[in-house]
Amino acid sequence: MLIKRGLLVSASLLVFSFVGNVASASADQWYFYVKNSSSSTIKKLLVAEPKQSWGAFDIGTGIAPGDNVKMIWDSSTNNQACNQWIKAQFADGSESEPAIIDFCKNLDDPIVFR
């Protein structure tokens with residue numbers, strides 16, 4: 001399952017659960033969009049700095065097929081590296097291929113999970 005730049009997860013579902021920060025930049029709220037173009041609900045969005053453990057965004061009960069949701073990084077991630085891996089875990093048990101994304105800027109084009 002391929003991932004492209006994009007946004008998925010509502011602004012209210014913005015908690016990034018592992019310690020660290022995305023970019024040293026001083027933006028108040030870094031965001032990105034995720035689009036679920038698969039036929040299965042995304043149950044987890046996992047993100048990791050290169051060679052680090054995966055951390056999960058709180059996406060509530062999941063991201064339904066066809067949904068395009070805005071994700072907002074928690075301020076606790078402000079000191080992490082810009083380039084991070086991201087992947088999705090689906091309700092059907094499958095997992096997307098991880099893709100590296102530059103999160104040091106707001107991404108208006110969604111990361112598309114298929």
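Colleague: Which strand holds Ile100, and why is this residue called partly exposed?

Modeller: In this predicted model, Ile100 belongs to strand β6, which covers residues 99-102. Its relative accessibility is 42%, and since buried means under 20% and exposed means over 50%, a value in between makes Ile100 partly exposed.

Colleague: Where does β6 stand in its sheet, and why is it said to be at an edge?

Modeller: The sheet is an open one of four strands, in the order β3-β2-β5-β6, with antiparallel pairing. Both β6 and β3 (55-57) have a single partner strand, so one side of each is left without a neighbour in the sheet, and that is why they are said to stand at the edges. On average, neighbouring strands of this sheet are turned by 40° against each other, with direction ignored.

Colleague: How do you know that β2 and β5 are paired?

Modeller: Two strands pair if at least two bridges are found between them, and β2 and β5, which run antiparallel, are joined by six bridges. One of the residues concerned is Val47, whose bridge partner in β5 is Ile86.

Colleague: What is the order of the strands in the sheet that contains β1?

Modeller: That open sheet has three strands in the order β4-β1-β7, and its pairing is mixed. The strands β4 (68-72) and β7 (107-113) each have a single partner strand, so one side of each lacks a neighbour in the sheet, which places them at the edges. From one strand to the next, the twist averages 30°. Between β1 (residues 31-36) and β7, which run parallel, there are four bridges, and Asn36 stands opposite Phe113 in β7.

Colleague: What makes the contact between Glu95 and Lys87 a salt bridge?

Modeller: The cut-off asks for a side-chain nitrogen of Lys or Arg within 4 Å of a carboxyl oxygen of Asp or Glu. For the side chains of Glu95 and Lys87 the N to O distance is 2.9 Å, so the pair meets this condition, and a search of the whole structure finds one salt bridge.

Colleague: Which residues have the most contacts inside the largest nonpolar core?

Modeller: That core has 20 residues, and those with the most contacts inside it are Phe32, Ile42, Leu45, Phe103 and Phe113. The strands β1, β2 (42-48), β4, β5 (83-90) and β7 each supply at least two residues of this core.

Colleague: How many helices and strands does the chain have?

Modeller: The chain has zero helices and seven strands, and buried residues make up 43% of its 114 residues.

Key: Residues numbered from 1 in each chain as written. Predicted model: local features only at pLDDT ≥ 70, side-chain atom pairs only at ≥ 80, totals over all residues. Heavy atoms only, no water. Axes fitted to C-alpha atoms, helices over the stretch in contact; angles between N-to-C directions. Buried < 20%, exposed > 50% of the residue type's maximum accessible area, 1.4 Å probe, protein only. Core = buried A, V, L, I, M, F, W, Y, C linked by side-chain atoms within 4.5 Å.
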